[in-house]
Amino acid sequence: MPPISAGMVVLFQAGTYNSLSAMVTGGGVACLAPGAKWTVTSFGVAPVGSIYVRGELDVQTLQALSNGFLLENEGTVSVGGIIQAGANSMLINHKGATWQGTGSQTLFGTASLTNEGTIDLVGSLTLAEQSSFTNVGDTTVGAFQNGSTTTNTGTITVIGSATTSGTLYNRCIADFRFGYESEGSTTNEGIVLATGGTANRMGLYISGTYTSTATGVTSGSDFTIAVTGQMTGAGSYRFTGLTVVAGRAAGSPQIVFYDTSQTGNQIFDVVTGTVTNVVRAVVPPPDPAVLPAGCAAAGVDLSITKSVSPVS
């Protein structure tokens, strides 16, 4: 297939198309109509232009590391290998669309990923530099390394390891099934579930900052605030395993904490740090069927400007 270059708009009608090495350059536009399937092994150079999917894009390797790339999906995007998006690339998965596969995805620069539909990746999702991930729909990934900014008003499920060294704003449901470490900053206004993990990182492990508002509920197995960590704000916490405070737990105005396997009359099993404005009271298990107020309202679409920055 010849390059899709400046001034070109190529429409893929219903059918099957295969490219060992595809090129979208100079602001060219590719449009996949419903029923069209474009299988791409790789893009020969970093794409600069737009790809609109209403059919299916099956890509093995996509490295969008230059300014001016937009991928909008209203159908299906399947990732067999890796997607790397950098510079100011925009990746948008619209309501009703599916983003799936066995591969992994990494965001660099100021690249952004917005999900209104369904993302299901066996591999990992990694955010680096000043990239961002906005989740309004349902996202399931094999692992999650949040080194920049993630905002969640939908549901995020992580099957494997999960770490935030950047910033996570959770307003709906985040379910971490192999432990979660807040190494950077986490703010919870909805529900955070943190279970499983490795021997020294079970459940919720706070080595940075973890803040909850009054509406936030955090539940899991083990709970640890490391020497460098702090838990602040308000909210409710429910944990069933070992609970340790080596850093700082400071409610503002008050944190409610419920250790279901309480040691004596202590709030936490082990305290070598400082605890202020934390009280013990029964916190029932959160019910994921009851959506927190911060979850995106059903039937309301996120408004996204469909534009690509000029090629530099």
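Reader: How many helices and strands does the protein have?
Author: The protein has 0 helices and 35 strands. Helices (H or I, at least four residues) and strands (E, at least two) are DSSP runs, numbered from the N terminus. This is a predicted model, in which local features need pLDDT of at least 70, side-chain atom pairs count only at pLDDT 80 or more, and totals for chains, interfaces and linings use all residues. Residues are numbered from 1 along each chain as its sequence is written, and side-chain values use heavy atoms, with hydrogens and water left out.

Reader: What are the spans of the C-alpha trace along its principal axes?
Author: The C-alpha trace spans about 75 × 35 × 30 Å along those axes.

Reader: And what is the radius of gyration, next to that of a compact globule?
Author: The protein has 22 Å, which agrees with the value near 20 Å that a compact globule of 312 residues would have. The radius is taken over C-alpha atoms, and the globule rule is 2.2 Å times the number of residues to the power 0.38.

Reader: What percentage of the residues is buried?
Author: Buried residues make up 51% of the 312 residues. Buried means under 20% relative accessible area, exposed over 50%, and partly exposed in between (1.4 Å probe, protein chains only).

Reader: Let us turn to one strand. Is β5 mostly covered or uncovered?
Author: Strand β5 (residues 49-53) is mostly covered, with 4 of its 5 residues buried.

Reader: Which strands are joined to β5?
Author: Strand β3 (residues 28-32) runs parallel to β5 and is joined to it by 5 bridges. Strand β7 (residues 69-73) is also parallel to β5, again with 5 bridges. Two strands pair if DSSP finds at least two bridges between them.

Reader: Which residues stand opposite each other there?
Author: Valine 29 stands opposite serine 50 of β5. Valine 53 has asparagine 73 in β7 as its bridge partner.

Reader: Which residues have a positive phi although they are not glycine?
Author: Alanine 87 has a phi of about 50°, and asparagine 277 has one of about 55°. Alanine 87 is found in the loop between β8 (76-85) and β9 (90-93), whereas asparagine 277 is found in strand β35 (residues 274-280).

Reader: Why does asparagine 277 count as partly exposed?
Author: Asparagine 277 counts as partly exposed because its relative accessibility is 47%. Alanine 87 counts as partly exposed at 23%.
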